[in-house]
Amino acid sequence: MFASGFIVNDSALQHLKGEDKLATFSRQEGISTGNTVTNHFCSVCGTLMYRRSSGFPGMTVPRIGTVDNLELHSTKLKPKIEQFAKDRVEWLHAGEALQQVEGNYFTGGQ
């Protein structure tokens with residue numbers, strides 16, 4: 001239904017451990033832009049660690065929950081944008097002070 005992630009340049013992404021345990025799954029169907037999205041997840045526990053899209057080469061979208069520094073969760077990694085707001089279920093309210101975008105922020109809201 002929703003995920004909290006952030007975007008980082010691949011050159012700034014560092015695996016401290018466990019990179020050898022990552023598995024991938026790619027898909028194109030169901031992706032509104034037609035890009036291929038590849039999920040990188042732990043092959044041991046199944047946790048989705050991050051995603052990469054063919055539409056944003058050189059960029060990775062890690063899940064905020066994969067960052068161990070909890071102070072960052074409420075400071076630098078605090079969400080600023082809610083994408084696909086038009087698809088939000090009626091019982092979930094918009095996040096406080098988040099920019100609301102009907103579709104994909106990076107494609108002009110489409």
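Trainee: In what order do the strands of the open sheet lie, and which pairing do they have?

Mentor: In this predicted model, the open sheet has 5 strands in the order E1-E5-E4-E3-E2, and the pairing is antiparallel.

Trainee: What makes E1 and E2 edge strands?

Mentor: Strand E1 (8–9) and strand E2 (22–27) each pair on one side only, and they are the edge strands of the sheet.

Trainee: How do you know that E2 and E3 pair?

Mentor: Two strands pair if DSSP finds at least two bridges between them, and 6 bridges join E2 to E3, which run antiparallel; one of the residues concerned is Ser26, whose bridge partner in E3 is Thr38.

Trainee: Why is His40 called buried?

Mentor: His40, which lies in strand E3 (residues 37–42), has a relative accessible area of 10%, and because buried means under 20%, His40 counts as buried. Leaving aside neighbours within four places in sequence, His40 is in contact with residues including Ala23, Thr24, Leu48 and Tyr50.

Trainee: What is the phi of Phe84, and why is Phe84 called partly exposed?

Mentor: Phe84, in the loop between strand E6 (81–82) and strand E7 (99–100), has a positive phi of about 55 degrees although it is not a glycine.

Terms used
Residues are numbered from 1 along each chain as its sequence is written. This is a predicted model: local features need pLDDT of at least 70, side-chain atom pairs count only at pLDDT 80 or more; totals for chains, interfaces and linings use all residues. Side-chain values use heavy atoms; hydrogens and water are left out. Helices (H or I, at least four residues) and strands (E, at least two) are DSSP runs, numbered from the N terminus. Buried means under 20% relative accessible area, exposed over 50%, partly exposed in between (1.4 Å probe, protein chains only). Contact means heavy atoms within 4.5 Å.
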